[in-house]
Each structure stands twice: as C-alpha cells, then as structure tokens.
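Hello,

Here is the structure I said I would pass on. My notes follow below it.

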Amino acid sequence: MHNGTSITQFIIEEQRHMTGATGDFTSLLNDVVTACKVISNLVNHGALVGVLGSAGSENVQGETQKKMDILSNDVFLKSNEWAGHLAAMASEEMDEIYPIPAKYPRGKYLLTFDPLDGSSNMDVNVSVGTIFSILRCPGGGAAATERDFLQAGTQQVAAGYALYGPSTMMVLTTGNGVNGFTLDQNIGEFILTHPNMTIPTDTREFAINASNMRFWEPPIQRYVQECLDGKDGARESDFNMRWIASMVAEVHRILTRGGIFMYPVDAKMKEKGLEGKLRLLYEANPMSFIVEQAGGSSITGTARILELQPESLHQRVPVILGSRNEVERVLSYHQQG
Ligand code: AHG
Ligand code: MN
Ligand code: MN
C-alpha cells in the first residue's frame with residue numbers, strides 16, 4: 001500500500017475548490033492520465049514490442065513519422081473519445097481536427113496534444129514525452145470546428161506533460177500552481193512526489209540547438225555569445241549548456257533546477273515561410289502555461305506566448321522560456337534591436 005496522494009485523489013480534491021465543477025473535468029483528466037500510462041508502457045518495452053523505427057509516412061508538417069508518433073496518437077484518440085467530455089481533439093500528428101464520432105456523446109471540452117514529443121530520441125533510448133492542453137469549447141461543443149481551437153493560451157483550463165525518462169512522471173497545472181507525480185509501476189498509479197514546483201528566478205544554464213547558430217537573429221546571437229564568453233565576457237559568469245532535443249525533458253529540467261530553453265526563429269525557417277519550429281497549440285501554449293504557473297516566463301522573443309492569438313491549427317512560434325531573469329534579458333535584447 002502506498003501512503004502518498006494519487007493523481008486521481010489530487011484532481012478530485014482540487015476540483016472540490018472549483019465552483020460549478022461537475023466532475024466532468026476530473027474524469028477527462030483521468031482519461032488523459034490513462035493514455036499516458038499506456039504510452040509509458042509502450043515506450044518502456046521499446047524494441048520488445050516492435051515500436052521503434054520509422055512509420056514510413058509524413059505528418060502535415062512534412063516531418064517523418066515514427067511508429068510511436070502514430071501509435072501514441074491512436075492511444076490518445078481511443079482513450080479520450082468515448083467518455084462524453086470532449087467535443088473534439090487536435091494533434092500535431094493529424095492534418096485536421098478530430099470531432100468526437102457520432103456514436104459517442106459530445107462534451108464541452110477540447111483536447112490538444114503532442115502525443116510523442118522528442119520522437120527522434122525514441123530509437124536511441126533517450127527521454128521522450130507527451131504534452132497536452134485542455135480548452136473549453138466555445139458554444140458548448142455540439143459541432144466543434146477548427147476555429148474553436150484558435151484560443152489564446154491564457155484560456156487554457158489545464159495543461160500538462162508526461163515524461164518517459166528514468167521514471168515516468170506527470171506534471172500538471174490547472175492554473176493553481178504546478179504539481180509533479182511519479183508513476184509507481186507496481187500499482188499503476190501516479191503519486192504526488194513534486195508538490196508546488198517552482199522555477200528559480202536565476203540560472204547559469206541554457207539550452208539551444210547551437211548547430212543553427214549562423215542562422216539566428218542578432219539578439220539570440222548576442223545572448224548565447226555572452227553565455228559562451230563566461231567569466232571573461234559581459235556576464236562575468238560561466239554558463240553550462242544542455243540540449244536533449246526533447247522539449248518535455250528540457251522543461252522538466254528547468255522546473256527542477258532552473259534554466260533557459262530557446263528554439264528561436266531563424267533565417268533558414270524564414271526562407272521556408274516558417275515562424276518557428278515548435279507548435280503553438282501542442283507545445284508552446286501548454287508549456288508556457290506550466291512555466292508561468294511555476295514562476296517562470298515564456299516569450300517569442302518580443303511577446304508573451306500565452307497572449308498570442310492563434311491563426312491556424314498547426315501554427316509554429318519561436319519559444320524562449322524558463323528562469324524569469326534570463327528570459328527578461330533575452331526580451332530586452334530583442335527590444336534593443
Ligand atoms: P517532436 O518530436 O514532437 O516533433 O518535437 C521535437 C521538438 C522538441 O521537443 C525539441 O525541443 C526540438 O523539436 C528538437 O529539435 P532539433 O531536432 O532541431 O534539435
Ligand atoms: Mn514535440
Ligand atoms: Mn511529437
């Protein structure tokens with residue numbers, strides 16, 4: 001018997017403090033948690049259950065899909081379509097929104113997700129994750145459209161991620177702080193292990209894919225160069241660097257010990273007509289909600305991500321998030337031009 005607080009108990013107790021709560025939301029979160037447990041199990045078994053490698057297809061964004069991208073997308077659809085809490089779902093791996101099939105009741109929420117984040121790490125056995133966000137469906141949800149999903153991040157009801165690392169964790173916010181749970185594989189329950197996670201205001205650790213350096217805009221060039229100059233440069237302090245290529249793992253590190261994560265827009269993307277690498281609805285908004293709830297900041301370089309008005313389902317944005325003082329420094333470098 002465990003003596004800790006299970007995620008189910010935690011969500012129910014949190015919902016008791018929400019006026020007008022019907023239990024719908026608790027039940028929806030439970031289904032999301034179940035989906036993440038199923039994905040965790042597949043990820044853990046890896047080659048034993050034949051889930052490594054490419055699926056031989058491309059998603060709407062022209063990225064090669066891994067077998068696990070497709071499998072985990074299906075797991076999310078199957079776990080969340082039947083219970084009557086959702087009007088529709090949208091995912092990084094699907095061209096169009098997924099309205100709840102007519103044979104099931106439709107509910108008042110929308111669910112967006114990146115079913116497997118960092119999927120290039122799957123085959124090399126490095127941490128991957130799942131990111132999700134819950135929105136209310138305007139108009140009650142009888143017939144949800146793509147437009148219903150185009151809500152600013154400030155409208156999110158909840159957001160979270162599952163991290164499939166040395167242990168499987170679920171980190172969650174419903175707008176009342178951030179809490180982390182660890183999956184106890186013996187009993188199949190997430191147990192509260194990281195209550196009230198907060199991001200230190202200062203950091204000396206940055207994360208960026210430095211292979212893109214020559215394409216960056218001047219403010220990012222300046223910020224990273226100053227970090228690299230260390231004690232001998234303008235910052236008069238040495239910095240450490242990390243790059244896992246899995247946003248979930250990077251954000252989790254930042255929630256644990258601070259740091260700044262950057263995937264800025266660069267000249268190479270702009271040439272292709274792209275405004276960033278990471279997706280606003282599936283990655284940037286949920287992670288920005290979590291980071292802000294933990295006391296950090298999240299910007300595009302010039303604007304707060306959560307206030308952006310999404311223009312399309314698969315919109316991409318530059319992302320700079322983490323310890324507040326460093327993110328504000330990057331903002332000021334952009335303002336200085
Ligand atoms: P996904 O696997 O869902 O496509 O996301 C990968 C993202 C993000 O998690 C990570 O920070 C970044 O792409 C890695 O990009 P590079 O391969 O350019 O380093
Ligand atoms: Mn991703
Ligand atoms: Mn993905």
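The manganese ion (ligand 2) and the manganese ion (ligand 3) lie 3.7 Å apart, and Asp114 coordinates both. Donors here are N, O and S atoms within 2.8 Å of the metal (3.2 Å for Na, K and Ca); water is not among the atoms, so sites may look incomplete. Helices (H or I, at least four residues) and strands (E, at least two) are DSSP runs, numbered from the N terminus.

This is a predicted model: local features need pLDDT of at least 70, side-chain atom pairs count only at pLDDT 80 or more, and totals for chains, interfaces and linings use all residues. Residues are numbered from 1 along each chain as its sequence is written, chains are lettered from A and ligands numbered from 1 in the order in which they are written, and side-chain values use heavy atoms, with hydrogens and water left out.

Around ligand 1 there are 17 residues, of which Asp117, Gly118, Trp243, Met247 and Tyr263 come nearest (near: a heavy atom within 4 Å). Strand S5 (109-117) gives the most to this shell, with three residues. Polar contacts are pairs of N or O atoms within 3.5 Å. An oxygen atom of ligand 1 is 2.7 Å from a side-chain N or O atom of Asp117, and one is 3.0 Å from such an atom of Asp114.

Regards

Notes. A polar contact is a pair of N or O atoms within 3.5 Å; within protein, one must be able to donate a hydrogen and the other to accept it, and residues adjacent in sequence count only if both atoms are side-chain atoms.
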